[in-house]
Amino acid sequence: MPDKAHAPGAATSRGRSGPSPWLAAPAMAFFGIFAVIPLLGVVYFSFMRWDGMSDMTFAGLDNWKAVFTDSTSLNAMKLSLVVMIISWATQTPVSLLLGVFMAGKQKYRAVLSVLYFLPLLFSSAAIGIGFKAMVDPAFGLASQLRLGFLQRDWLGNPSLAIGTVLFVIGWAFVPFHSLLYQAGVRQIPASMYEAAMIDGAGAWKQFWSITLPQLKYTIATSSTLMVVGALTYFDLFYVMTQGGPGDATRILPLDMYLTGFRSFQMGKASTIAVILVVVGLSLSLGLNRLSGSSRMESQMEGL
Amino acid sequence: MLTKKRAVLTFTAVAAMTLSMAACGTGGTGGDGGGSNDSASVWYVSGAPKETLWKDQFAAWNQANPDQQIKAEVYANDAYKEKIRTAIGAGNAPTLVFSWGAYGPVAEYVSANQIISLEGKVDEALSRTLDSVDAAGVLDGVQYAVPNGDTQPVMLFYNKDLFDQAGVVAPITTWEDLLASIPKFKAIGVAPFALAGQSKWPDLMWLEYLADRVGGPQTFNDVVAGKEGAWSSPEMIQALTYIQDLVKADGFQESFGSTTADSNADVALVHTGKAAMILQGSWAYGSFKNDAPEFVSAGKLGSFPFPSVPGGKGDQADIAGNPSNYWSISSTASAAAQEIALKWLNEENLDAEYVDGLIAGGAIPPVEGIRDKLAASDDGEFLTAAYDLVLNAPNFQSSWDQVLSSVAAQEMLTNLDKIFNGQITPQEFAANMDKTINQ
């Protein structure tokens, strides 16, 4: 087997290695028109002063200075970072364990998997409105069922609001990541577990020594999606809190939106947009490097 | 990888596209706004009773004037405020532009030459409406906007049953009495005041009234005039302190920060007997009628003006709220479209039929000589009281968030939210807001 892995593929001889690159042209054109050109537009706007209506004037670096000195924007950056870390740190273990559980072939697990999957079918706006109604202290679930200890000012208290929204985000996104892990677990060859069993490894040992290492790339993919996704959280925050109370949940994308479309400072909003793009791209590139999935080494050696 | 990048890119792209499309659009694209050469267009904000009244009114007009059509489109409040701005910037504005008076946004339209002067062109329309309400459509002595809907003074609504149970006598006329009533309401297990804190703008009505009662209209006029340090005047600080006193005394329902106004949860607190009073605009009467018809018809809902404060300079007859909503005419509309819009304003705007519709919906039309009509309606008691409130007000303060620039208004709402949550002191509020003066 080893020499097959090292043999240079015959197909790599110049030119004829695959389908014509022109096949990618429609996708590239679409990407260019709807992503690259607007992106350049945003970079341009970030150096301009514009209220959405009057004539645009050149602002130089004013917007950039404003974003990095304005307490609201700085707070938004800090919040986005917190949201990113907490949602990764809480969602990853939960979805990993759920994914491993769902990968089992038993009937009851299949039934539960379908139930876990449900939140994925709802739109974010509906989830936001639903939870907002449920946690309403005066007319929500807790007051109707007389669960006094749950009757808190979930979205109105500055220190509770961010946690509440993060919980709802977790509820909405964990099913998706569990699905990734379920698929990952099912790809692990049964022979590995059989070999481990012969060697006398218990369930716990098997999980740590086989399942977890074998899920390395799944963890990388899921983490990248979570971390970069956390930068673009918008809908649930918008629906549930609009950034309030005060600016306790005003994360960066929401700050961008409110600056642009409520305060009509398009230049400053574009600056925030550029920051989001740069941070998002660097994060996803960095994570890719870090996890080594860009090197694409095999995990199946010796099988 | 590409998909992940794209997720980020597309997200920003949406923002960028809106911007770039707004930047390059000049010609009207037909259906969207602008209108073709021989027809006019109008956008307005949804909500009973005006939405249906306008729908019928424009439909009837289009039937009667086949060669002078007006295309109508309806938007929700927040969506409208965002869309109109971009549309005007792109030269795609509707012929009739809906607004909240000749302040803030409209002043910005005027300085960008986006709406026309209506001076001398709408005398017939103005002859029907109250002068004090017309005045809010005037900027620098020029009429730019015409009142188009009900007048909306803010007042205290109260649950008469709860007042009886707590042994509190309505109306409450002084701040001391108001504070003294708090323990009485708490003793019977209800909140003295309902407040939709999550929506932020209901907070503002408290500051508008308290600033007026403490220092008179001058307190806020200084801010509008761009006077240096106007937000940190002793009167403004006092008004903010009163708010925090009220919060500390548990004047508002528990967890008011989670209550929203768009779901009418604040009004519901009053008609379900969980809160005794609410400071809201006259439109809340319509919500009470809609959500709890038996509560209103049984005469359990009352209202009275905002009380005075100790040693305050403000006149207790002063009111705050929205004098009305307004129409302006876009300067980018064709001459023919402007012609149609002017004709419509003079002939149809707030005509008798529309006024009757408003009254039936529990709203107060800003027109002269309708007291008898109001008294004869189902909601006579409320409507005449509110009508008199408007007629007799020495000063009708428009909502501050409409008067200030968009930037200052947003800053104010966020900071005021923090005042109610006790996150900042009145002095910090003033310092943050002083930075927005002349910005």
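What you see is a predicted model, in which local features need pLDDT of at least 70, side-chain atom pairs count only at pLDDT 80 or more, and totals for chains, interfaces and linings use all residues. Residues are numbered from 1 along each chain as its sequence is written, while chains are lettered from A and ligands numbered from 1 in the order in which they are written.

Between the chains, 49 residues of chain A are in contact with 47 residues of chain B, where contact asks that C-beta atoms, placed from the backbone, lie within 7 Å. On the chain A side, α14(A) gives the most, with 10 residues; helices here are DSSP runs of H or I with at least four residues, numbered from the N terminus.

That helix, α14 (residues 266–291) of chain A, also comes within 9 Å of α3 (residues 62–69) of chain A, axis to axis, and the two cross at roughly 70 degrees, with axes fitted to C-alpha atoms over the stretch in contact and angles running from 0 to 180 degrees between N-to-C directions. α3(A) and α14(A) are therefore roughly perpendicular, a label that covers 65 to 115 degrees. Among the residues that meet there are A:Trp64 from α3(A) and A:Ile272 from α14(A).

Turning to chain B, the assignment gives domain 1 (25–151 + 324–368) and domain 2 (152–321 + 399–434), with bounds from an automatic or database domain assignment. Their C-alpha centres lie 30 Å apart, and 12 residues of domain 1 are in contact with 13 residues of domain 2.

Conventions:
Contact = placed C-beta atoms within 7 Å. Parallel < 35°, antiparallel > 145°, perpendicular 65-115°, else oblique.
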